[in-house]
Amino acid sequence: MRTTPRKRRTVGAFAAIGALALALAGCGGDGGGEGGSGGDASGKATAPTVRLPKLDGQQLQVVAVWTGPEQEAFTKVLKEFEKRTGARVSYVPTQDAMLNYIGTKIAGGSPPDVAMLQQVGALQQAVERKWAKPAGAETKAQLAKNYSQGWRDLGAVDGTQYGVYFKAANKSLIWYNTAVFENAGASEPKTWKDLLTTAETISASGVTPVSVGGADGWTLTDWFENVYLSQAGPDKYDQLAKHQIKWTDPSVARALTTLADLFGKPNLIAGGAAGALQTEFPTSVTQTFTGGDQPKAAMVFEGDFVSINIAQTEAELGTDAKVFPFPAVDGGEPPVVTGGDVAVALTDKPASQALLTFLASPDAAAIWAAEGGFISPNKSLDTAAYPNDVQRGIAKALIDAGDDFRFDMSDQMPQSFGGTPGKGEWKALQDFLKNPKDVAGTQARLEADAAKAYENGS
């Protein structure tokens, strides 16, 4: 039976992340100050906070979905682990369907040593299949010291600790090209209705308003979850996440109809539906901040990690690129959805447990924090480690929220439904983007796929 770790989630307290990001977006620039444990924004190391064993000669393979700048940043974390322990670490980027890859490797007798899983459901399934190894005493000590109970619970199954949430995300932010907004006389919207009005204003100015990375189905699940959380409320959100209500519920129809107000207007989406479905997430960001005041789009929705893609353009965060919280829908609270990557040991090697211990320390978090495009749930990480005020503000609000958060809905579901390219929710929402009028048909497909996935537990 699938188990769901205890999570305490409310919308209001965690909405501070978006609000604080908005307040600080104009600051931008590099921040000064001394770094905290493990490093600072300049990347200079400080005194280690965790003791690691000597592992000379041990080989370790780590798998995650990160490529490009994220892979480069994570590699720096692994290099520091090598330096401290003497182990040798190889990194293998995989596709989003992580469990499929791991299962194939295990069947072949060569499992990865540590996997960075993106879904709560995937962690639970890895435990059910007896792939995951419980976290050791040293890792649990770091978690107790550095993490709130809510984040520890997310990495546990049936009361046993398995995972370390190394990288978190606030997935309720909309980033915009300031030059386009200024030329159009547009302002930051506070409600969904205002967002649609702002989009029409920008469209009339000659720039397509919204960039959608529809080639990556997970971005569409995030669109749905933000609308649904604000409109239907946290209780309904929890029920749908656990499949306690069906996808044919009227609340789902209402959210899809709301999304269709945007998706159903080709003039508001860069490239129209066809173009959006061919646009991968990184491109959805870079095309918004390339081309000065005549980019392919004026706004792009996604999490704090958008900043790492903005950094690949000439746009300056806080000046050319700013951010506002995902707007409130139909009088609801402004939504905030969070996600994260959890490190899990798949072998009993001492090096596997040592890496989990390192990833649970502020030392490891500080290395990636300095690179940008990263938010840590580690409360012992000094926010001075982040490279600018925007990310510092988002990170501080995440920590200040304590255990009051809602985790990404699709990441709580069986991977075959909530986390597999070309299947389940990802495919159904891509089809919906193509034909936003088919609300009832989309609901029927979602429910059929969800029922099958929950019945099979995969």
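Colleague: Why are helix 5 and helix 15 called roughly parallel to each other?

Modeller: This is a predicted model, and in it helix 5 (residues 137–146) and helix 15 (residues 350–359) pack at about 10°, with axes 8 Å apart. Angles under 35 degrees count as roughly parallel, and therefore the two helices are given that description.

Colleague: Which residues make that contact, and how do they divide by class?

Modeller: Helix 5 contributes E138, T139 and Q142, while helix 15 contributes Q353, L356 and T357. By class, the contact of helix 5 with helix 15 has one nonpolar, four polar and one charged residues.

Colleague: What makes helix 2 oblique to helix 15?

Modeller: The axes of helix 2 and helix 15 cross at roughly 120° and come within 11 Å. Angles of 65 to 115 degrees count as roughly perpendicular and those over 145 as roughly antiparallel, with oblique kept for the rest beyond the roughly parallel range, so helix 2 is oblique to helix 15. The crossing of these two helices is right-handed.

Colleague: Which residues meet there, and what is the make-up of the contact by class?

Modeller: From helix 2 come F74, V77, L78, E80, F81 and R84, which meet A351, A354, L355, F358 and L359 of helix 15. Counted by class, the contact of helix 2 with helix 15 has nine nonpolar and two charged residues, and no polar ones.

Colleague: How do you know that helix 9 is roughly perpendicular to helix 19?

Modeller: Helix 9 and helix 19 pack at an angle of about 80°, their axes being 8 Å apart. The range for roughly perpendicular is 65 to 115 degrees, which means that helix 9 is roughly perpendicular to helix 19. In this contact G217, W218, L220, T221 and F224 of helix 9 meet E425, W426, L429, Q430 and L433 of helix 19, and the residues divide into six nonpolar, three polar and one charged.

Colleague: Which helix supplies the largest share of the lining of the largest pocket, and how many residues is that?

Modeller: Helix 9 does, with four residues. The largest pocket has a volume of about 910 Å³ and is lined by 40 residues, of which V65, E70, D96, Q118 and W218 lie nearest its centre. Among the elements that each supply at least two lining residues are helix 2, helix 9 and helix 19. By class, the lining of the largest pocket comprises 14 nonpolar, 16 polar and 10 charged residues.

Notes
Residues are numbered from 1 along each chain as its sequence is written. This is a predicted model: local features need pLDDT of at least 70, side-chain atom pairs count only at pLDDT 80 or more; totals for chains, interfaces and linings use all residues. Side-chain values use heavy atoms; hydrogens and water are left out. Axes are lines fitted to C-alpha atoms, for helices over the stretch in contact, and angles run from 0 to 180 degrees between N-to-C directions. Contact means heavy atoms within 4.5 Å. Ala, Val, Leu, Ile, Met, Phe, Trp, Tyr, Cys and Pro count as nonpolar, Asp, Glu, Lys and Arg as charged, and the others, Gly among them, as polar. On a 1 Å grid over the protein atoms alone, a cavity is a set of points where a 1.4 Å probe fits but cannot get out, and a pocket is an open set with protein on both sides within 12 Å along at least five of seven lines; lining residues have an atom within 4 Å of a point. Grid points are joined across faces, edges and corners, and a volume is the space filled by probe spheres set on the points. A crossing is left-handed if the near helix is turned anticlockwise from the far one by less than a right angle, and right-handed if clockwise.
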